[in-house]
Amino acid sequence: MALASVVTLGLGSMPSGALAGEPAGAVDAAGTTATVEGAGSADAAGAFRSAPGSRGGYAFAGNARRIDGAVSTADAAELEPGRTYRSTLPGTGKVYYRLELDATTNIYASVTAVPPAGRTASVIDGVKVSLEDVEGRSCDVDTASFGAAGSPHPVAAWAMRELSPRRSLCKEAGTYYVAVERVDPDGEGSSPDPWETELTAVSEPPLERTGATIAPREWDSAPPEPVPGKPERRRGGAGFALAAPVGHGVWRDDIRPGQTLFYKVPVDWGRQLHATAELGSSASAGGGGYVAAALDLDLYNPARGHVVDAGIGYDGDQKAESLAPLPPVAHVNRHAVSRQVGAMRFAGAYYLVAHLSAEVADGFGDAPVPLTLRVRLSGAAQDGPGYAGEAVPSDVFTVTGQDRQAAAAGGDAVFRALAMGGIGTGSALLVGLGVWTLVARRRALP
């Protein structure tokens, strides 16, 4: 009876094309749909897998609303907190979007820039995001670049309107503007073509009671030992919307030159995240030279704000690098001088984004390179800070039991269990469809 209920729930829930595995619409384990730039398909677990040879296929959120950036603030279209948008960034010049803000909530606007696939780019090119008031005064600004490898790949920058004793501007209710532009469009190797972008805005309510206004000065900043053990296979996603859930443990995938993989880690209040990336040895070891900036591992917070990154050089032999130590997640971290520490200001899904430089193919061929992520979560989960209202979206700064379960088991756990139990492929597919529906509806339950 339980099986029949699951199947019934699943039949009417899938987006068009999901059964056929169309590259235009993939589904993750949480029921999120995404449209994918470039050839590819969805696997049984719902994670998007780029087709052989595919590069830069970014999975845009399927519910993203198309919106045009305006060359003048007078024509800027509005961004609503809680929604995801898809837009285009021209080769030169700024484009603007509008926010209508109250005088009580913090707003975080993030822009993910998706450049056309290619072999090279200016190492300092990327995306710059600013948040400004109606008088043109800057509330905040952030820049994300491709880094030393000069390998074009999705990068995200964020800007905030934060109500803080440390900030004297941008406290009033009213109209604000998000300005987006390229960092170095005229640099050597930069493409003049427009870039696709994905925009999000999330709001954070004030606290019920005023808390501390000084960030913790002492926390365990000693780099821990990487998590030992045999890696478990976990396929990475092709965008934030389809990031593969992972938790404390050792996770293994293959990454091709020019490819970017997305993973999400649920990190609760009071918990401390540490991650190490490893590139496995290649069959071409010893004859391919050395790529100084082969792998870039970036960490983003639940608002898609950049936290920290690490790079790995590669000569065909196994190499590893860890993210710099980060403090436990705490509301009070926002008062730190360091933007890196300040970004660890709320609980929720933190994103590990791995990009393998296209240059790796020059020395070691186009074959996938083994990638291992060792993720450590330490410390006890704590209660939240006590918000006087709900964030938008409501679940952005929370971690649920289902989130932890998905991170531990993975989106394909149901299919593995069915296969071991001898249930046929057709039945497995129907059950999987129902599970997608149930998981997608879980947050609507009281």
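What is the order of the strands in the open sheet of 5 strands? The order is β17-β19-β24-β21-β22, and the pairing is mixed.

## Basis of the description

The model is predicted, with local features requiring pLDDT of at least 70 and side-chain atom pairs counting only at pLDDT 80 or more, while totals for chains, interfaces and linings use all residues. Residues are numbered from 1 along each chain as its sequence is written, and side-chain values use heavy atoms, with hydrogens and water left out.

## The open sheet

Strands here are DSSP runs (E, at least two residues), numbered from the N terminus, and two of them pair if DSSP finds at least two bridges between them. Because β17 (244-245) and β22 (306-314) each have a single partner strand, they stand at the edges, and one side of each is left without a neighbour in the sheet.

β22 pairs with β21 (residues 291-300) in the antiparallel sense over 7 bridges, with L297 opposite A310 in β22. β21 and β22 form a hairpin with 5 residues between them, and R304 in the turn has a positive phi of about 60°.

## Nonpolar cores

A nonpolar core is a set of buried (under 20% relative accessible area, 1.4 Å probe, protein chains only) Ala, Val, Leu, Ile, Met, Phe, Trp, Tyr and Cys residues joined through side-chain atoms within 4.5 Å. The largest has 50 residues, and those with the most contacts inside it are L279, L295, L299 and L352. A second, separate core of 39 residues includes V95, Y97, A121 and A201.

Note on methods:
Helix = DSSP H or I, 4+ residues; strand = E, 2+ residues; numbered from the N terminus.
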